Amino acid sequence: MKKRLVTTLGLTLAVSMALSACGSKDAGGAKGNETTTNKPVELIWYTIGTPQKDVDRVMAEVSKYTAEKIGVTVKMNMADWGDYAQKMQVMTASGTPMDIMFTSSWAFDYVQNVRKGAFKPIDELLQKNGQGIVKALDPAFLNGSKVDGHNYGVPANKELPAQDVWRFNKNLADKYNLSLDNVNTLESLEPLLKTIKEKEPNIYGLAVDKNYMPYVPYDYIIEKMPMAVKVENSDFKVVNIFDTPEMKQALKTMNKYYKAGYVPTEASTLSSLNDVQVTGKWFADKATNQPFADNLWSASYGYPVVSKAASPALIYNWSVMGSMQAISANSKYPEKAMEFLNLLNTDPVLRNMVDSGIEGVHYKKVDNDRMENLPDSKNYDMPTFSLGNVLLTYKDVKDPANKWEEFKKFNDTGKPAPLLGFNFDPSKVINEIAAVQNVKEEFWATLMTGTVDPDKYIPLANEKFKKAGLDKIMAEAQSQIDAWKAANKK
């Protein structure tokens, strides 16, 4: 959805370890086969989100603007949420021509694909063609997204901490006089979900898809892999997340909700909840917060959405790397790609065209920095967070004048998670990670969505994880964390 956040973040997707090496990791990388004529070059851009009907129409207008400004045209290719990581693995490994690609901690994994050589290092490119980006970003974004001392992607300027929230379809909450005052935990949702099940049996009470993960107070070493350290402790002990009391309790609750019919029957195979959100046939779900997010969601869906905090606001590696644009190691035009990314992150005209479409067709401006959607916005409904500097986008008519100032305050108040700045090097356990990944694919979604009984399936999963080499991976992670802890005086 346009003006939408990632709705489960997690909405975390599978970490890929199978990507073949496809480029140099040298720290320079500013040179490429740049054009020597006055003819604009075409940049091929792959990004995440439900493919939109009007994307080519909008990119034609974008290209007119960028051709005049920096001598490039843009071809955008979209891959749906649940398909993006796998498609990008295949295309990158096969050398499919591309210049810019969305990457993150949760989709087409940034750190792991840096180590596989998928992206061009951009240290020199940032200095030469991306100074606007450097000036616009909170330094934590670029510092926190370095891998082995170098930058390989441009983070979106957005909320820096990550905070889970429970979201609610306010129309249904109001219809049945449901108070949200006592909502804070997964368990606290039960009386509300029970009422919705009785009154509205044909809607999703707790709308979750295969990407859903319950919040537990742990910092994952690799997203959606079963090893983490506890947030509150300072001992940095690596544990199997399925052995923790918090995860066991959360999965028991999810299984209880699944059996009661509060969770979609097909949750473990659902790639997206987009259709459900468009139609409003849901009551509650989990999302990632930002200042005035309720206004954003409400404007996107066309009906009121309200939220309650489900976790503290912490700065994780995956929140710093939650939305990034990288330049392909095989890009023919790396300097032009960086020029485009610099313009995208500094020029409000371009940023809002990419985000909201064509003025007068998909949206109308209400004043200098405010807009509202037109009916045709349904044909160009983009995920704002994934496209660049969010702070340049037009505010919704319901947003307060100080929205972006509040974003900066929110970023300033975020507290670092334990592993912020630590990036696991999997090179010594590549085979084990691939084997654990296969086991994870078998059990993860069904456990997280409550589809299966955790008392039965956690032991089965752990037995297979052990055979696949999880203990060896955890020992390697512990060794690296201990060395990182000592080096950084943690």
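Colleague: What makes Lys 395 count as buried or exposed?

Modeller: This is a predicted model, and in it the relative accessibility of Lys 395 is 4%. Buried means under 20% relative accessible area, so Lys 395 counts as buried.

Colleague: With which residue does Lys 395 form a salt bridge, and how do you know that the term applies?

Modeller: The partner is Asp 369, and the closest N and O atoms of the two are 2.6 Å apart. A salt bridge asks for a side-chain nitrogen of Lys or Arg within 4 Å of a carboxyl oxygen of Asp or Glu, and a distance of 2.6 Å therefore meets the term. The pair links distant parts of the chain, 26 residues apart, with Asp 369 in the loop between strand S14 and strand S15 and Lys 395 in strand S16. Asp 369 has a relative accessible area of 34% and is therefore partly exposed.

Colleague: Why is the pair of Asp 54 and Arg 57 called a salt bridge?

Modeller: Their side chains meet at 3.8 Å, N to O, and because the cut-off is 4 Å, the pair qualifies. Asp 54, with a relative accessible area of 7%, is buried, whereas Arg 57, at 43%, counts as partly exposed.

Colleague: Which parts does the salt bridge between Glu 200 and Lys 175 tie together?

Modeller: The closest N and O atoms of Glu 200 and Lys 175 are 2.9 Å apart. Glu 200 lies in the loop between helix H8 and strand S6, while Lys 175 belongs to helix H7, so the pair ties together parts that are 25 residues apart in sequence. Glu 200, at 17% relative accessibility, counts as buried, and Lys 175, with a relative accessible area of 52%, is exposed because exposed means over 50%. A search of the whole structure finds 27 salt bridges.

Colleague: Why are H13 and H14 called roughly perpendicular?

Modeller: The axes of helix H13 (residues 334-344) and helix H14 (residues 348-356) come within 7 Å and cross at roughly 90°. Angles of 65 to 115 degrees count as roughly perpendicular, and the two helices are therefore described in that way. Phe 340, Leu 343 and Leu 344 of H13 make the contact with Leu 350, Arg 351 and Val 354 of H14. By class, this contact has 5 nonpolar, no polar and 1 charged residues.

Colleague: How do you know that strands S7 and S8 pair?

Modeller: Two strands pair if there are at least two bridges between them, and 3 bridges join S7 (residues 218-220) to S8 (residues 227-230), so the term applies to these antiparallel strands. Asp 219 stands opposite Val 229 in S8. The two strands form a hairpin with 6 residues between them, and Lys 224 in the turn has a positive phi of about 60°. S8 is also joined by 2 bridges to strand S9 (residues 239-240), again in an antiparallel arrangement, with Ala 228 opposite Val 239 in S9.

Colleague: What makes Gln 290 count as buried or exposed, and where does Gln 290 lie?

Modeller: Gln 290 lies in the loop between strand S10 and helix H11. Its relative accessibility is 5%, and because this value is under 20%, Gln 290 counts as buried. The C-alpha atoms of Gln 290 and Lys 158 are separated by 8.5 Å, although the two residues are 132 residues apart along the chain.

Key
Residues are numbered from 1 along each chain as its sequence is written. This is a predicted model: local features need pLDDT of at least 70, side-chain atom pairs count only at pLDDT 80 or more; totals for chains, interfaces and linings use all residues. Side-chain values use heavy atoms; hydrogens and water are left out. Axes are lines fitted to C-alpha atoms, for helices over the stretch in contact, and angles run from 0 to 180 degrees between N-to-C directions. Helices (H or I, at least four residues) and strands (E, at least two) are DSSP runs, numbered from the N terminus. Angles under 35 degrees count as roughly parallel, over 145 as roughly antiparallel, 65 to 115 as roughly perpendicular and the rest as oblique. Contact means heavy atoms within 4.5 Å. Ala, Val, Leu, Ile, Met, Phe, Trp, Tyr, Cys and Pro count as nonpolar, Asp, Glu, Lys and Arg as charged, and the others, Gly among them, as polar. Buried means under 20% relative accessible area, exposed over 50%, partly exposed in between (1.4 Å probe, protein chains only).
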